[in-house]
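The text is meant to be read alongside the sequence and the structure.

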Amino acid sequence: MRKFQHYIDGRFEDGAASFESRDPATGEIWALMPDAKRDDTDRAVKAAHRAFTDPAWCDLTASQRGKLLYRLADLVAGNVPALAAIETADTGKIIRETSAQIAYVADYYRYYAGLADKIQGAHLPIDKPGMEAWLRREPIGVVAAVVPWNSQLFLSAVKLGPALAAGCTIVLKASEEAPGPMLDFARLVHEAGFPPGVVNIITGFGAECGATLTSHPLVARIAFTGGPETARHVVRNSAENLAVLSLELGGKSPIVVFDDADLDSAANAVIAGIFAASGQSCVAGSRLLVQQAMKDRLLAKLAAKAAQIRIGDPRKNETEFGPLATQRQRDRIERVVAASLAAGARLVTGGGRPSGFDQGFYYLPTILDCSGVNSPSAEEELFGPVLSVLTFADEDEAVRIANSTPYGLASGVFTRDLTRAHRMVRRIRAGIVWVNTYRAISPIAPFGGYGLSGFGREGGFESVLDYTRTKSVWLRTSDDPIPDPFVMR
Ligand code: NAD
């Protein structure tokens, strides 16, 4: 059995306790993970706090920080097969996706490496004679980063990258569901040559490790990705340290297909939106909103495509669809699908476990026709391969349904009508609108949600500024004594 360690203050160490991690494709225990309790977590934060003012880190120039990040990027690029194999073993995500995503994670670090020496202050055209004033942009301090189990290397790159570019130090808590890839990634941080304590990577359970980290008095900034319920805990925890928060949460994202859309293109996008990563994606297009005249043709195409998806061992290159990450996750999906069918939803395809997969946490690609029904599957985030289909008559109804959930992370619009596309872009309440495409990401494009999908943006230049704060500096240029000390000037 493989054994992983924490990375605290530049050293690899076992946790005070440990727990077992299961391979979702077999249900078997495959690794032993360290379990950070209160003390381990506290030590990691104190290490990051010490490192923040250690000259080995804080005296580096911004360009030197950038070089360290470039080195890290190269190491990620050079270790894709090893990292991808661990991520696939721990999460069940198919090797094709983990390999491609991790290769792209290297580009995320390159993007932030390039930004390190582009973070600038400003000279202020101050309205007082004999005075110079300017803004310094300084790193905010110790960052607590908390990530869920899916796409951890990617979700941590959009936190570590900008935080390190800005000169912060960081404690990253990997998800207890599948911490393997992040704990292994610590090797690369070490090899890149970041001074001890600048990056600390731990894992543990939310109630102890997560809560200790996000309420810690030495933490200045919390970058959280996960579900809305956990986010509420994190917001409450942050009442202790009043840290600046960003929250990347879940979604119930709509893909709106008008009857003039390219049928094949829309069908492929819907399949990618809901069945890639077995639906375990925050931007999963879990609600298909299709214009009535298009419905039968699109559903027939989707059902045919869903039936052809190659379900299998996530380690094999030909596999397109692997298991869910946890048993708990499959249990929940089974419950909600049953409740949706009981509420009147019609099963188009799927709706159970695939035959021949008795081991592991597999669930079939599933499509539910929910038109005219109040189906729980169309309201709750399932984080699984279940598509809820709804219909609309016209643009206004499409907008109303698209905006009818408390979430607002991503959305897709399929139409050949340019003016309608622009109107939809304006009217949909979501942090991302993909027009005639879906599930495209880049370090250059900000990512984040509206409403219960959270606040703050990751990616893009401004995300680096979110790890800084400004200091206003005033300098009097006159050698004359300060006049009248009793009047504010
Ligand atoms: P989760 O909210 O259960 O857990 C996320 C992390 O929070 C884990 O590391 C967990 O240990 C930690 N945590 C739990 N309790 C805590 C507490 N009291 N204090 C501090 N930390 C605590 O999420 P999950 O089930 O692992 O992941 C699925 C969710 O993540 C979905 O809702 C999905 O949409 C969301 N997600 C969002 C994005 C995005 O960028 N918007 C990306 C991926 C996943």
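Arg-2 stands opposite Ala-31, a residue of strand S5. The two strands concerned, S1 and S5 (residues 29–35), run parallel and are joined by two bridges. They belong to an open sheet of three strands, ordered S1-S5-S4, in which the pairing is mixed. Strand S1 (2–3) and strand S4 (17–22) are the edge strands of this sheet, each of them pairing on one side only. Helix H4 (residues 80–91) packs on the sheet and touches S1, S4 and S5, with a direction that makes about 95° with that of S5.

Another open sheet, also described here from the predicted model, consists of three strands in the order S6-S7-S21, and its pairing is antiparallel. Its edge strands, each pairing on one side only, are strand S6 (122–124) and strand S21 (468–476). From one strand to the next, the twist of this sheet averages 25°. Strand S7 (residues 131–139) and S21 run antiparallel and are joined by nine bridges, and within this pairing Leu-135 has Ser-472 of S21 as its bridge partner. In general terms, the strands of a sheet pair through backbone hydrogen bonds, either parallel or antiparallel.

At the level of the whole chain, the domain assignment gives domain 1, made up of 2–249 + 453–473, and domain 2, which covers 254–435. The C-alpha centres of domain 1 and domain 2 are 31 Å apart. To the contact between them, domain 1 gives 24 residues and domain 2 gives 28 residues.

Which domains supply the lining of the largest pocket? At least three residues of that lining are drawn from each of domain 1 (2–249 + 453–473) and domain 2 (254–435). The space in this pocket amounts to about 1,000 Å³. Its lining is formed by 40 residues, and those that lie nearest the centre of the pocket are Pro-148, Trp-149, Gly-226, Gly-227 and Thr-230. Several elements each supply at least two residues of the lining, namely helix H8 (206–214), strand S11 (219–225), helix H9 (228–241) and helix H12 (327–342). Of these, H9 provides the largest share, with six residues. By class, the lining of the largest pocket divides into 15 nonpolar, 14 polar and eleven charged residues.

| Space | Volume | Lining by class |
|---|---|---|
| Largest pocket | about 1,000 Å³ | 15 nonpolar, 14 polar, eleven charged residues |
| Largest cavity | about 120 Å³ | ten nonpolar, three polar, two charged residues |
| Second largest cavity | about 70 Å³ | six nonpolar, five polar, two charged residues |

Which residues lie nearest the centre of the largest cavity? They are Phe-154, Leu-155, Val-158, Phe-447 and Glu-458, out of a lining of 15 residues. Helix H6 (residues 152–166) gives the most to this lining, contributing three residues.

The second largest cavity has a volume of about 70 Å³. Among the 13 residues that line the second largest cavity, Gly-251, Ala-284, Ser-286, Glu-381 and Phe-383 are the closest to its centre.

Notes
Residues are numbered from 1 along each chain as its sequence is written. This is a predicted model: local features need pLDDT of at least 70, side-chain atom pairs count only at pLDDT 80 or more; totals for chains, interfaces and linings use all residues. Side-chain values use heavy atoms; hydrogens and water are left out. On a 1 Å grid over the protein atoms alone, a cavity is a set of points where a 1.4 Å probe fits but cannot get out, and a pocket is an open set with protein on both sides within 12 Å along at least five of seven lines; lining residues have an atom within 4 Å of a point. Grid points are joined across faces, edges and corners, and a volume is the space filled by probe spheres set on the points. Helices (H or I, at least four residues) and strands (E, at least two) are DSSP runs, numbered from the N terminus. Ala, Val, Leu, Ile, Met, Phe, Trp, Tyr, Cys and Pro count as nonpolar, Asp, Glu, Lys and Arg as charged, and the others, Gly among them, as polar. Domain bounds come from an automatic or database domain assignment. Two strands pair if DSSP finds at least two bridges between them. Contact means heavy atoms within 4.5 Å. Axes are lines fitted to C-alpha atoms, for helices over the stretch in contact, and angles run from 0 to 180 degrees between N-to-C directions.
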